[in-house]
Amino acid sequence: MKLGYAIIYVKNVLETVTFYETAFGLTQRFMHESTLYAEMETGDTVLSFSAEEVIELDGLAFAPNEKSAIPAGWEICFITEDVQAAFEKALAAGCATVSKPHEVPWGQTISYVRDLNGCLVEIATPMNLEG
Amino acid sequence: MRLPDGYQERIYTPQQARSLEAVWRHEEPQAGRSLILPDGRCDVIVRYNADLDVVPRLVVTGPATQPYWVEFESGDRWIGVRLRPERGGVLWGDALARAKNQVALEEEAEALVPELAGLCVAGVSAKDLRQALVRFVEGRPLRPEGQRVGETVRRLHLTGGRFSVTELAARARCSTRHLNRMFVGKVGLSVKSYASLVQFHRALRLVCEAGGSLSDAAFEAGYADQAHMTRAMRRFGGFVPSDIPDDLIRPDVSGGLWGNRVAR
C-alpha cells in the first residue's frame with residue numbers, strides 16, 4: 001500500500017481551492033464538474049478537497065472543520081525555505097495566525113495558521129535529517 | 001439503499017431551491033401497507049388514484065418522531081414535496097409548535113394551506129399537481145433566523161447526530177437555550193429529538209451495511225452501549241437491531257444533496 005490522498009472535507013470546494021491557490025501557492029489539477037471534489041497538484045500524494053455533504057451517502061460521520069470550533073488533531077504541513085514570506089502571504093489571504101515563525105531546538109523554522117475552514121496548517125523549513 | 005418499485009424522487013440542493021428538499025412521486029399497483037420511518041421533516045402531499053374519478057386528497061404532515069403504517073388501495077398514487085427540516089413553518093405557520101407527529105388531512109390540510117385547496121379536483125394531472133406544490137412552497141416568504149438553524153441541522157447530519165447541544169450552540173455562537181428555542185421554532189422538534197433521529201438512521205445504516213457486529217455499530221453510531229441502540233430502534237422503528245424487517249425501506253435523510261424516501 002502507499003499513501004495516495006489526503007482528503008479534507010470542506011463546506012465549499014471551489015472557495016477552498018481558490019484559497020489554497022492564493023494562500024499557499026498551490027495549483028488545482030482536477031475539479032469534478034459537480035464542484036463537490038477537487039485535487040491539487042501536490043505530486044504522488046494528492047491533497048484533495050471533498051464536499052462535506054457527500055459523506056452521509058457512505059454512512060460516515062465526523063466533526064466538521066469550522067473556524068469557530070477547536071481544530072481536529074492533525075495538520076497539513078507546507079515546506080519552504082522562506083517561512084516568513086509564506087506565513088505573511090497566508091495571513092494576507094485570510095488565514096488566522098496560531099504561531100508566528102520561530103526557530104525550534106532541532107533547527108527548523110516553523111509557524112502555524114488556520115485556513116478558511118479552520119483547519120490547522122503548518123508552514124516550516126525542511127527538516128534536515130542528516131543534521 | 002432500498003427503494004420501493006414505483007417510487008421516483010428528485011432532490012434539490014440549497015442552491016436550487018430554498019425551502020424544498022425533494023419532490024417525490026409514488027404509485028402502488030396493489031393494496032397493502034407500508035412502514036414509514038420518522039425523519040423529522042414536513043411534507044405537503046396530494047394523494048390520488050389511477051382511477052381519475054377518485055377526488056384527490058390533500059395531506060400535510062408535521063415532523064414525525066414515531067414510526068407509522070400507511071395503508072393503501074390498488075392504484076393509489078402520491079405526489080409530494082418534502083421540505084428542508086428548518087422550513088416546516090412554510091406549511092404549518094405558528095401551528096408548527098403543535099405539529100409533531102401530526103398529519104392534517106383534507107379540510108384540516110386545506111385550512112393550513114388554503115392556496116392549495118383548489119387543486120383537489122378529479123382528473124387533475126400529475127404535472128399540474130407537481131407545479132402547484134413547488135410554486136406554493138418556494139413562493140412562501142421566509143422568516144429570518146432560518147440560516148442559523150439550517151447550519152445546525154447541517155452539523156447534526158455531518159456528525160451523525162453526535163454533537164451535544166452545548167457543542168452545537170458553541171458553533172452557532174449562541175446559548176443552548178436560544179439555539180433550542182430557534183430550533184423548535186423552525187423545525188418543530190427539539191435539537192435533541194432531531195439529533196436522536198439522525199443518529200437512529202445512521203445506526204440503522206451501520207447495522208445493515210457496515211458489516212460489523214451490533215455492538216460495533218452501536219459504538220460507531222455513538223450510543224453508550226448496544227442496549228441504548230436497541231432502545232432507539234424500538235422507539236423510532238418499532239423493531240430491534242437483531243430483527244430489522246427485510247422489506248424495510250430505509251430513507252436517506254442527509255438533508256440536502258442526496259436522498260430517497262418512501263411515499264406515505
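This is a predicted model: local features need pLDDT of at least 70, side-chain atom pairs count only at pLDDT 80 or more; totals for chains, interfaces and linings use all residues.
Q: What makes the residues of chain A and chain B count as being in contact?
A: Two residues are in contact if their C-beta atoms, placed from the backbone, lie within 7 Å. By this criterion, 14 residues of chain A are in contact with 17 residues of chain B.

Q: Which classes make up the side of chain A that touches chain B?
A: That side holds eight nonpolar, two polar and four charged residues.

Q: What makes B:Leu20 and B:Val44 members of a nonpolar core?
A: Membership requires buried residues of the listed types, Leu and Val among them, joined through C-beta atoms within 7 Å. B:Leu20 and B:Val44 belong to the largest such core, of 29 residues, and are among those that touch the most other members. Elements of chain B that each supply at least two residues of this core include strand S2 (20-28), strand S4 (43-49) and helix H3 (126-139).

Q: Which residues does B:Val44 touch, not counting those up to four places away in sequence?
A: Among them are B:Val60, B:Val81, B:Leu91 and B:Val137.

Q: Why is the crossing of H4(B) and H7(B) called right-handed?
A: The crossing is right-handed because that term applies where the near helix is turned clockwise from the far one by less than a right angle. Helix H4 (residues 146-158) and helix H7 (residues 191-209) of chain B pack at an angle of about 35°, with their axes 9 Å apart.

Q: Which residues of H4(B) meet H7(B)?
A: B:Thr152, B:Leu156 and B:His157 meet B:Val191, B:Tyr194, B:Ala195 and B:Val198.

Notes
Residues are numbered from 1 along each chain as its sequence is written. Chains are lettered from A and ligands numbered from 1 in the order in which they are written. Ala, Val, Leu, Ile, Met, Phe, Trp, Tyr, Cys and Pro count as nonpolar, Asp, Glu, Lys and Arg as charged, and the others, Gly among them, as polar. A residue is buried if 20 or more other C-beta atoms lie within 10 Å of its own, exposed if 12 or fewer, and partly exposed in between; C-beta atoms are placed from the backbone. Helices (H or I, at least four residues) and strands (E, at least two) are DSSP runs, numbered from the N terminus. Axes are lines fitted to C-alpha atoms, for helices over the stretch in contact, and angles run from 0 to 180 degrees between N-to-C directions.
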